[in-house]
Structures are given as structure tokens and as C-alpha cells.
Amino acid sequence: MSDIAIRIENLGKLYHIGERQGYKTLREAITNIFTAPLRKFKEAAKSKDEALNYIWALKNISFEINKGEVVGIIGGNGAGKTTLLKILSRITPPTEGYAEVCGRVGSLLEVGTGFHPELTGRDNIYLNGAILGMEKQELNRKFDEIVAFAELEKFIDTPVKHYSSGMYVRLAFAVAAHLEPEILLIDEVLAVGDAAFQKKCLGKMGDVAREGRTVVLISHNMPSIINLCQRALLLTAGRLEKEGHPNDVVQHYLDTVRSASGQIVWPEAAKAPGNDIVRLQAVRILQEGIDGPAADIDISKEVVIEISYWNLKDGALLYTAIWLRDQIGTVVFSTANTTSVSLTDDPWYGRPQPKGLFQATCRIPGNFLNEGLYSVTAIVGRGAADTQILQDYAISFHVHDTGQMRKEYFGGWIGIVRPRLAWETKYTG
Amino acid sequence: MNLNRNRTKRLANSNTILIRPLRGWVPINLSELWAYRDLLYFLVWRELKVRYKQTVLGITWAVIQPFFMMIIFNLFFGRFVKIPSEGIPYPLFSYAALLPWMLFSEGVTRSTNSLIANDNIIKKVYFPRLILPISGIVSPLVDFGFSFAVFIGLMFYFGFGLTIRILWLPVFLMMALITALAVGLWLSAMNVRYRDVRYTISFLIQFWFFASPVVYSSATVPKDWQLIYALNPMVAVIEGFRWVLLGTNPPAFITTVSMVAVLAILILGLFYFRRMEKIFADEV
């Protein structure tokens, strides 16, 4: 008996994109037959373009997964994660290489595949179960358990079109959670349902892993990758970039997605926002431990917002301020380098500044912001409250959760900020 | 971790699945098809349940359509045009043909659209794709059962009785189903790539209708044309139904030719389907 569940060897998948991607019609196919000789000439000239119409969604992928191992696959959009899972599920064949899968495979590329809105919850359990590869007897046996897991006893004979989206997802996941394959392939299905139900699902999934089943999991939820998986694979543009301990791979991924953005620079003073008193030169997002600007921030690390400006008037008294906005534009906080606001004493606040380039920095502690997208509004003003520059949404950055606060709970954290605060419980009676 | 161990050695285990590129012709895996029979059952069951849900008349629809067609045919072809019907009352003559014809045309239409209609599950789950066109020909069988019951009533009304020939009915019924499947295999696979197939289908069915002896008798076709005519398997099916139920001349020659024709279309269709199968999930 081999201890390997999945072995992948030089796997590759070529996709055709571009003009021929759209639905081909019979008419086109027939006219093609007649225009083929003419096309031969054109093709010689076009062959260069043709090559551009193909894309390797996966290329030279080789790895092995042991029995009972829980492996996470991460990577950006279009990195080939889902294609890999589709090949392992036999939904689409590879173009080259091969994969060997040892054991009964259950794949969950989405929950509720084949659900029909007109049918009742009961009917859909059977239908969806059969589509996922369960047999009728197996479904009969597990039916009550599935209904109980979904907490839908009262509505089981109601057509699912009358369900709320939460109920729909609960039913769908309940069926999926009762699949008992030896190898489970899961694509990003944890992103559904309310927090309590997500937790229940993750618990169920943890059980699956403990039962010694092999699990391959795609997720954008880095905390769940770190906490559930023993190993992680990073795919980048169809290639296996890194594999190893989830902590290292997630860290590597977050490092690589830190793109060149994370800064906005106006090289020419004349075109920069501002006036003849002061003009912006750059706004940057910096992170402790990383060289250069970064648009993706580790939630546990300090974030530094740097505003550079040209002072064009000798002896000006200037202040710098920031509004930090969340994803929907709510101002999370506003802050400035004025004496009573700043935690530290800014040496250039309230002091006449000579002409030249200045660089103001503001430090936001780690474990303070929540995960998500934040935008910076950069403000430079004169005197007490005489705003000269107000550059709204000058730059945005993403805060990523890396799992430090996620050992017990994986669901979403409510709140615009997520500070780490001191807690203590006392026994008083 | 044994990442580099035994890289070249294949996993030696009986339930290991090898996933590799599919090129050219792919064999047909009947045992796998059998293993997925529960899925076939549920797909047919869903089809029927959804179709008759929220309809006032429900399953009576299965009877209304052939019944009214029979009345109209009787009026125009039987009374006005007076098409010869081999001495059989025209309503029975045309209804006996409509039974397998409706089964066939519904089966072809449904199986042709089966892949596109189920694109969501094709893209998300693995199962033998052949299940889908097969479910397309199976579900009209229920309608067939109901309209057949009406036909039996009609037979007794006109003073006809069932004979031992009824034992031959399953043969012709199977032939109708297999013909529908054979055509459905070709068209469903083509439909994934060429979306005009779905517009062609109603035209094709209409054309086929007149190339089959539904409103007329195959005896009206000239002798020299009989061989070519018999290449249409529905000729044998319809004449077979008339022979079994109404005692017209047994269509021995036609059936032999038709059987060869239908087997050829089926086997080629199966291979064509399997060959195209690999693109389904990417293009449907």
C-alpha cells in the first residue's frame, strides 16, 4: 500500500484565448472550409499573433501529496489554482504530463452544484448528493444528519427558491460536508455563510483532516491555510513557485504580491497637486522589515505612511495630516503632526521651514487595523488650519491577516479596526 | 517529505486513477457508466419533477399533444386529402406513428440540449458525460407511457385488440430510443462548439417528420427508393409499431436495413462524443 495519495508529474494545461474563444458557429466552420486555401497565406504572416492566443494556465507542475495530508494552494487570480483542481477532479484533461490519484475523490468546486430552485430542500439534497457522487442508499442513511447539520428541519419540504441565501448555502454545505471521499478537493467554499456557520464548517473540515483523509484546499483566506494545512503550495502564473510550511509560503506570497505600487510619485513639481506655497512630491506606504513601498501589509506589522512635499516659500509654518478611510470611504481616523495630536514631538512642526523637500512620516501600530482595503488622504496645511493640499484617496493599501489572531476563530472580524487589547477575567463569586 | 522519491515509478494500486492528456479517440467505459446509474435516475427524476411542477394539467400534457395532433391529421390527411392508410382507421393509423415519433423527437431535442442545459454541473463536477444525453432520451419515456395508455383505449374503441405481436414492441421501442440517442450524441457534442445546432434542431425534426411515414404509409414510397428510404431508422420503428399494434404488413426488409443504419450512427456517435468530451468543461 502506497502512502501517496496524489502524484503530479510535469502537469500542464494550455488554454486557447482571444478571438476564437467566443462561440463558434457552424456557418463559420463551413465558410472556413472554403476560405482555408486563402487563409494559408495569411496564416504565415499571422502565426506570431496566433501564439499569443494560447496561454499555459499550468506548466511543469510536479508534486506529491501523502495520504492524510492537508495541503493548501494559494496564489493570485489566474495563477492556475482552480485549473489544477479541475484536472485532479477529472473535469478537464491536462494538455501534458500526468497525475495519479489514489482513492475515491470528492471535489467541491462550488457548493450547491445542480440545485434546482423549484425543488424542495429534500429533493435538492438527493439531487446534489447524487451529482457529488453519493449513492442513493448512502443519502437515505445520511439524510437526517444532513438536515440537522443545515438546521433546516422546518423548511425541508419548501422549494429552495423561497430560502434566504443563508439557508441555501447552509443546505448546500451540509450536503457537501457529508461527502466521505478519501481525497477531498475544495475550492474556496469557506467564503460563504454567516460567521457562526463558517465556524461549524471549519470544525467539520478539521474533523475530516483528523480522520486521516487527504484534503487539498484552495483559499484566499490565509488564516485558514495557516491553521488547517500542514503544507502549502504557491502557484504563480501557472507555475509552482514555492512549497513548504504554510507560514513560510503565505509570507512569501504576501511578499511577492507587494507590487511596485504602494507609492505615488509626482516627479515634476509643476504638475504635482498643490499651489505656489507647497506641492506634493510623493505619498508612500512602508512596512517595517520591508525595503521600499508596499501596498500589501501584514496585519501584525507597523505601517508607515510617508508624505513628501516641496516647500516653495521660505520660512513657512506647515503641518501635515492624514485621513485614513476604509473600503467604503468611512474615515477611520484623522491625525496630524501638531504637538497636541502627535505621540512624538515632530522637530519640524511649528518651526519655520526653509525651501526644499520635506518628508513627514506617520506610524500606525501593528495589530490595530482590521484586514481589508484602506485609503490615505494626504493633507498639508499652513498655520493653524489653513489647508493647502488635500489629496483624497492619494493611495490605497491592503491589510492582510496572517493568522496571528486566528488560532481559535476563523470567521470575519466585525469592526473598522481590530486593535489587540488587554483582557482579564476575574472570578468574583 | 518524500518529494523526490520514486518520481518515475507509478503508484501501484488498483484504485489509482491515471489522469493524462486525452488525444484522438477515447474508449467507452461502460462499467463506469453503470456505476453512475443513480445519477441518471436523479437527473431524469429532476427533469420530470420540474417539468410538471406549477402546471395545472400536469402529466395530462403528455397526452394532449399527440391526441390533438392525431385529430388534426385525421381531419386534413384522413378526411380531406384521403391518404391511404392500409385499411386502418386513420386516427389509429396516425396515432400509432405519433407514439414513437413524439418519443423520438422529444428525445433528440432534449439530449441535444442536455449538455448546454447542464453546463453548471459539467464545469464543476466529474461524471461520465454520456449520462446527460442518455437522461435526455429516458425522460420522454414517461410521456410515452401515458399516451400509449390512451392509444390502447382508442384501439378498443375502434374494435382492435392486442395480439401476441405485442412482444415485438420493446424491440421497436428500443430502436426508437437508440436512434434518438445516436442522433442526440452527435448533436449534443456539436452543440457545445457550434451554438447554431440548437436553432437547426427544430428544422431538422420537421424535415425528418416528413421523411418518416407518420402521416402516410411507407408503401406509397416507390420500390426503387425503398432502400434509401429505409436508411432512416424511424421508418422501421413506425412501420414496426403499426405492424405490432394494428397488423399491417411486417416491415422485415426495412427493419434489417434500419438496424444496420442505426447501429452505425450510434457507434460513430459514441466515439465522436467521447472525442469531443474533453472540450466540454472548457467550452460549454
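Which residues is S107(A) in contact with, leaving aside its neighbours within four places in sequence? Let's start there. This is a predicted model. In it, S107(A) is in contact with S89(A), L132(A), L185(A) and K124(B). So the list takes in a residue of chain B, namely K124(B), because the contacts of S107(A) are S89(A), L132(A), L185(A) and K124(B). S107(A) itself is found in strand β5 of chain A, residues 105-108. The residue is buried, at a relative accessible area of 10%. The cut-off for buried is under 20%, so S107(A) qualifies.

Now chain A as a whole. Its secondary structure comes to 8 helices and 18 strands. The chain has 429 residues, and 50% of them are buried. Next, contacts with a separation of 6 or more. Of those in chain A, 72% are between residues 24 or more positions apart. The accessible surface of the chain is about 20,400 Å². Carbon and sulfur atoms account for 53% of that surface.

With β2(A), it pairs in the antiparallel sense over 9 bridges. In β2(A), it stands opposite I65(A). In β4(A), its bridge partner is V101(A).

Stay with β2 of chain A for one residue, A57(A), which lies in that strand. Buried or exposed? A57(A) is buried, with a relative accessible area of 14%. That is under the 20% cut-off, which is why A57(A) counts as buried. Setting aside residues up to four places away in sequence, A57(A) touches K13(A), Y15(A), A79(A), G80(A), T83(A) and G238(A). There is also a distance to note. A57(A) and L84(A) are 27 residues apart along the chain, and their C-alpha atoms are separated by 8.8 Å.

Next, the sheet made of chain A strands. Here 5 strands form an open sheet, in the order β12-β18-β17-β14-β15, and the pairing is mixed. β12 (296-298) and β15 (331-336) stand at the edges. Each has a single partner strand, so one side of each is left without a neighbour in the sheet. The twist averages 30 degrees from one strand to the next. Within this sheet, β14 covers residues 318-325 and is joined to β15(A) by 5 bridges. Those two strands run antiparallel. One bridge sets A321(A) against A336(A) in β15(A).

Now strand β11 of chain A, residues 278-287. How many of its residues are buried? The count is 10 of 10, so β11 is largely enclosed by the rest of the structure. It pairs with β10 of chain A, residues 263-265, in the antiparallel sense over 3 bridges. It also pairs with β13 of chain A, residues 303-311, antiparallel over 9 bridges. A282(A) links the two pairings. It is the bridge partner of V265(A), and its own partner in β13(A) is S308(A).

Last, the surface of chain B. A nonpolar patch is formed by F68(B), I71(B), I72(B), L75(B), F76(B), F80(B) and V81(B). Together they have about 700 Å² of accessible area. Take F76(B) from that group. It is found in helix α3 of chain B, residues 61-80. At 43% relative accessibility, F76(B) counts as partly exposed.

Technical notes:
Residues numbered from 1 in each chain as written. Chains lettered and ligands numbered in written order. Predicted model: local features only at pLDDT ≥ 70, side-chain atom pairs only at ≥ 80, totals over all residues. Heavy atoms only, no water. Helix = DSSP H or I, 4+ residues; strand = E, 2+ residues; numbered from the N terminus. Buried < 20%, exposed > 50% of the residue type's maximum accessible area, 1.4 Å probe, protein only. Contact = heavy atoms within 4.5 Å. Areas by Shrake-Rupley, 256 points an atom, 1.4 Å probe, with all protein chains shown as cover. Patch = residues over 30% accessible without salt bridge, like charges linked within 9 Å, V, L, I, M, F, W, Y side chains within 5 Å. Salt bridge = Lys/Arg side-chain N within 4 Å of Asp/Glu carboxyl O. Pairing = 2+ DSSP bridges. Axes fitted to C-alpha atoms, helices over the stretch in contact; angles between N-to-C directions.
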